[in-house]
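Please read it alongside the sequence and the coordinates.

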Amino acid sequence: MGAATSSSKDSSSLSSSLLTFPLIEEDNDEQQQQQQQHDATKPTNTNNDAPLQITRATKLYAFCAALNSCNLGYDIGVNTGAGILVQNSLGLSDVQLEAFFGSLNLFAMVGALSSHIINDKFGRRWSFRVSAMIFIFGTILQSVANNYIVLMIGRAFVGLGVGFGLAVDPLYIAEISPPQFRGRLVNWSEFAINLGIVLGFLSGLVFAGVDENVAWRWMFSMGAILPCFVIFFATYVMPESPRWLVANGREGEACEVLKKVYPDGYDVDIIVNEIEESIEKERIAEHAVGWGVILFPSPAFKRILLVGIGISIAQQAVGIDAILYFLVFILKQSGIESRITQMWILLGLGLVKLGVIFIAGRLLDTTGRRPLVFVSLLGCAVSFFIVAMSFIGA
């Protein structure tokens with residue numbers, strides 16, 4: 001799941017491009033006229049021609065949204081250290097433990113698919129609140145579980161909260177960010193996931209000296225702290241998405257939000273007009289295009305689908321979840337038996353992963369997505385080959 005979420009970068013811009021894929025041929029003169037009109041309405045700074053800068057408000061809103069992604073990261077990180085403790089404490093079989101680990105993705109899928117109910121009707125801020133409350137409830141159930149059934153019920157709510165949150169985090173950041181910085185800021189969500197993983201590893205180190213039957217309960221319960229901050233920020237700090245406001249006929253409020261996102265003197269009315277045009281194009285495309293464009297795509301559209309879906313599948317197929325969840329078991333098979341030593345190794349690996357994500361985020365808008373994807377997949381292939389070869393004959 002941690003790897004899969006990186007495919008959500010620029011999700012709103014990708015979905016927009018899919019929905020507005022040209023279906024009707026137009027005369028060249030008309031296309032040129034439309035292009036000239038578009039160029040004439042491109043947003044420019046009314047004070048000077050200097051390039052746009054990310055405002056402090058934009059960074060703050062992106063930070064608050066990305067914090068919600070820490071919930072998924074923390075769950076992955078904390079279960080890496082707590083999984084073996086839960087198994088020993090509740091007497092779980094290997095199959096039960098595997099179901100506990102793997103079920104998160106299933107429940108997260110349900111949460112993500114149902115998130116639009118709140119997301120579109122009540123707004124992005126309510127989606128953040130609902131996601132955090134579901135996650136808190138699931139975390140509490142996991143912490144107090146005395147049997148496998150209660151543990152799995154808690155796991156179900158955690159998964160729902162994770163999926164719900166991951167559906168809104170990159171969407172909100174993309175809608176609150178100027179296009180020039182969208183790739184970099186959406187990457188904050190991925191960075192936050194890995195920060196949560198590090199925090200989950202750190203919780204294992206903090207409670208490494210505590211009795212096994214109690215340690216995993218404390219480790220799980222610490223996961224309820226971050227969602228409380230998310231609820232606070234979504235209520236008192238984060239504004240509503242400008243796109244959602246425009247879509248619901250609240251252009252005045254959208255202008256006020258955009259004035260905080262863009263530098264002083266920027267003509268945000270032009271941005272509102274562009275959002276309105278984009279929404280209208282999507283509505284026309286939704287009515288003009290049925291499932292036929294997906295089931296029977298044109299060659300160009302087929303390439304778009306293959307790239308978007310293929311990257312998501314590739315990121316899951318590398319098996320990063322299995323490596324993370326069973327990392328403690330791998331370390332034990334490698335001869336490292338001390339819990340404290342295991343937690344220190346986990347923390348070190350988490351910091352390395354976090355550093356790589358930071359570097360990738362800086363390169364995203366300059367180097368481009370394609371080279372980074374190739375480098376990432378090649379690195380995964382080499383790394384997994386080394387891990388597999390190390391256990392031959394063991």
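1. A salt bridge is taken here as a side-chain nitrogen of Lys or Arg within 4 Å of a carboxyl oxygen of Asp or Glu. By this rule there are five salt bridges. This is a predicted model, in which local features need pLDDT of at least 70 and side-chain atom pairs count only at pLDDT 80 or more, while totals for chains, interfaces and linings use all residues. Residues are numbered from 1 along each chain as its sequence is written, and side-chain values use heavy atoms, with hydrogens and water left out.

2. Helices are DSSP runs (H or I, at least four residues), numbered from the N terminus. R155 is buried at 0% relative accessibility, and D75 is buried with a relative accessible area of 3%.

3. Which residues are linked in a network of salt bridges? The network consists of D120, R124 and E175. Within it, R124 pairs with D120, the closest N and O atoms being 3.6 Å apart. R124 is buried, with a relative accessible area of 5%, whereas D120 is partly exposed at 46%.

4. K259 forms a salt bridge with E256, with 3.7 Å between the closest N and O atoms. Both lie in helix α13 (residues 251-261), three residues apart, about one turn of the helix. K259 is partly exposed at 47% relative accessibility, and E256 is partly exposed at 45%.

5. Rings of Phe, Tyr and Trp (its six-membered ring) pair if their centres lie within 6.5 Å; planes under 30 degrees apart count as stacked, over 60 as edge-to-face and the rest as tilted. The count comes to 13 aromatic pairs. The rings of F232 and Y236 have centres 5.2 Å apart and planes at 45°, so this pair is tilted. Both residues lie in helix α11 (residues 225-236), four residues apart, about one turn of the helix. F232 is partly exposed at 44%, while Y236 is exposed at 63%.

6. A pocket is an open set of points on a 1 Å grid over the protein atoms alone, where a 1.4 Å probe fits, with protein on both sides within 12 Å along at least five of seven lines; lining residues have an atom within 4 Å of a point. The second largest pocket has a volume of about 350 Å³, the volume being the space filled by probe spheres set on grid points joined across faces, edges and corners. Its lining comprises 19 residues, of which N187, W188, F191, A192 and F358 lie nearest the centre.

7. Helices α3 (56-67), α9 (182-206) and α19 (339-367) each supply at least two lining residues of the second largest pocket, and α9 gives the most, with eight. By class, the lining has 14 nonpolar, two polar and three charged residues. Here Ala, Val, Leu, Ile, Met, Phe, Trp, Tyr, Cys and Pro count as nonpolar, Asp, Glu, Lys and Arg as charged, and the others, Gly among them, as polar.

Note on methods
Buried < 20%, exposed > 50% of the residue type's maximum accessible area, 1.4 Å probe, protein only.
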